Amino acid sequence: MSDIITLAHGSGGKTTGDLIKNIFQKHFNNDILSKNDDAASFMLSGKVAFTTDSFVITPVFFKGGNIGKLAVCGTVNDLAALGATPLYLSCGFILEEGLPVKDLEAIVESMGNTAREAGIKIVTGDTKVVQKNAADKIFINTSGIGIIPDGIDISGYNAVPGDRVIITGTVGDHGCSILLEREKLDIYGDISSDCAPLNRIIGEILSKTTNIHVMRDPTRGGVAATLNEIAQQSKVGIKLFEDRIPVKDEVRGVCELLGMDPLYMANEGKMLVIVPESSVDTVLGVLKNAAYGTDSCVIGEVTYDHKGIVVMNTLAGGNRIVGMPVGDQLPRIC
């Protein structure tokens, strides 16, 4: 097989077959995919969650992951945010002519490894190749299906005054990592993407309590955009406490240097969990003992005041509105 992707790899002929066999089936292998039928066939029982997302990040390789790992984590976490158990994933690839095959295989291998970590099977997919300069190396679309267990009702419309807002770890790591690598800023420090599948720790939480009102992963637009969405959906106010929001010193330093706000930076391995006060200790007890939740903490509360708006008590002792971002602070971060 050629060392680089050529238009022939998207022709549907022998070269395409070789690519599928030697790259995709090699790393995604499972009993459904290996049937090689035109569609995946499987049984489902219960309430279904279904989501799709496209990933166009640059650079495609970054500290803490790559576009493939990101694609699996993003879709798995969207399913987990509804309390669903992720089951099956599809993936569509747009490849630019000239992409090194070794880069494609590294991306696909990480997708296979991440899918196995999450317990989800990649069961169907598609590959197209476009001419050089018609894309940027590789774009990936993933769609996922999961089952929502009986008794689970989690939605952005469910936040009520008195609820507490939990974040599962430090904010801004992914966005800051991509910023440094893309712009090749001469700044050193322990900054890498937090890209991770969160479905297993969400499953552990739900095994202890189903009294969860809202969950959402704060990706594009960060914590600020996500909480504004929830405040508007639920028609409630949300109050944040700046002194409780966990931010790594390195991330805070970069943001201060460049005039950016960690609250608006993307995260790819964090979840906002909004629960009644009575469930806080149970949820934190699970999260703090999980690999992806050791820095979990309460960062705010849901209020009757200022409906549809997020307000933060600042370190200086005042209050400021944390508005919905206008435009992209940092485009192509997922």
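How much space lies in the largest pocket? About 430 Å³. This is a predicted model, so local features need pLDDT of at least 70, side-chain atom pairs count only at pLDDT 80 or more, and totals for chains, interfaces and linings use all residues. Residues are numbered from 1 along each chain as its sequence is written, and side-chain values use heavy atoms, without hydrogens or water.

**Largest pocket**
- A pocket is an open set of points on a 1 Å grid over the protein atoms alone, where a 1.4 Å probe fits, with protein on both sides within 12 Å along at least five of seven lines; lining residues have an atom within 4 Å of a point.
- The lining has 22 residues, and Ile-20, Leu-33, Thr-124, Gly-125 and Asp-126 lie nearest the centre.
- Helix 1 (14-28), strand 4 (85-96) and strand 5 (121-130) each supply at least two lining residues.
- Strand 5 gives the most, with 6 residues.
- By class, the lining has 11 nonpolar, 7 polar and 4 charged residues.

**Lys-270**
- Lys-270 sits in the loop between helix 7 (249-258) and strand 10 (272-275).
- Lys-270 counts as buried because its relative accessibility is 6%, where buried means under 20% (1.4 Å probe, protein chains only).
- The side chain of Lys-270 makes a polar contact with the side chain of Asp-194 at 2.9 Å.
- A polar contact is a pair of N or O atoms within 3.5 Å; within protein, one must be able to donate a hydrogen and the other to accept it, and residues adjacent in sequence count only if both atoms are side-chain atoms.
- A polar atom of the Lys-270 side chain also lies 3.0 Å from the backbone oxygen of Thr-170.

Note on methods:
Grid points are joined across faces, edges and corners, and a volume is the space filled by probe spheres set on the points. Helices (H or I, at least four residues) and strands (E, at least two) are DSSP runs, numbered from the N terminus. Ala, Val, Leu, Ile, Met, Phe, Trp, Tyr, Cys and Pro count as nonpolar, Asp, Glu, Lys and Arg as charged, and the others, Gly among them, as polar. Buried means under 20% relative accessible area, exposed over 50%, partly exposed in between (1.4 Å probe, protein chains only).
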